[in-house]
Amino acid sequence: MNRIEFIELVQQHHSHMGETEILKLVNRALDDFTAETEILRRYVDIGDTVAGQRYYPSYTVDAALNTNAINGNSDIIKIFNVWVDDVLIPRLTTKNAAMLIDDDEFQVPDNALANPTATSNKRYWYPIDNLNGVQLGLVEESLRAVTRDDKVSNFQSISETGLQIRLHYIARCVHLTASSTSGTTFTPQIHSRFHSAIASKAIADGYKDPRNMKLDAAQYFDSEYERAIKKAKKQARNNHTSTGFVAPCDY
């Protein structure tokens, strides 16, 4: 089901709604579905390391407002594995030690740590919730202890630029956009068997709108959506495997 089909299906129930409003309902349904089911899994290159940078995807800072805006919305919900320079690195059991002395990256730096120059191949990762998604924190063991305010840390930010970062993670869907005709903004990334569930959620939310409120219809379409949620969760847990047995054969 593509963008046009979603719009036409929802308009059969809510003819007063236009494309923009319908796509908002559909995209909210996509966000909820992928978060609830954890079914959308990716294994992708998210860029390269930058010496002294702790968190990825990177941030851009609006100096005038002294606020932060993520450089493109992070689609990460949960991280499974991280590879740096093609090497699988371990997750820190606790991020407290790594964050004892942290880089000044969340606001305009007033006393930023110097970029580390001593390289260690003992690298680790940890997740951190931030604004529009989960960010990846990357550190390595410090060969020269990092000190500040009488505190000493055995971790520093990555000291090399240009090392490839690959993630295996659970993602949110790319949103559908108005007037798109191809690609991920035209057709949802989730399996087509669940497209009707997204439409059901959008239709149900439309029936909760005072302009066309029908709570019995909303309840019906919500129940259709919840049934699809259960199926998708089961598929995600099975990780595309099934139980069974090997039947003996004579040749």
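The side chains of D205 and K208 meet in a salt bridge, at 3.5 Å from N to O; the term stands for a side-chain nitrogen of Lys or Arg within 4 Å of a carboxyl oxygen of Asp or Glu. Salt bridges that share partners join K201, D205, K208 and D222 into one network. This is a predicted model, where local features need pLDDT of at least 70, side-chain atom pairs count only at pLDDT 80 or more, and totals for chains, interfaces and linings use all residues. Residues are numbered from 1 along each chain as its sequence is written, and side-chain values use heavy atoms, with hydrogens and water left out.

The whole structure holds 14 salt bridges, including these:

| Pair | N to O distance |
|---|---|
| D205 and K208 | 3.5 Å |
| E19 and R3 | 2.5 Å |
| E38 and K78 | 3.1 Å |

E19 in helix α2 (residues 19-37) and R3 in helix α1 (residues 3-13) are 16 residues apart; helices here are DSSP runs of H or I with at least four residues, and strands are runs of E with at least two. R3 is buried at 8% relative accessible area, while E19 is partly exposed at 27%. Buried means under 20%, exposed over 50% and partly exposed in between, with a 1.4 Å probe and protein chains only.

K78 lies in strand β5, and its partner E38 in the loop between α2 and β1. Strand β5 also belongs to an open antiparallel sheet with the order β1-β10-β5-β6, where pairing requires at least two DSSP bridges between two strands. β1 (41-48) and β6 (87-89) each have a single partner strand, so one side of each is left without a neighbour in the sheet. Between β5 and β6 there are 3 bridges, and W83 has L88 in β6 as its bridge partner.
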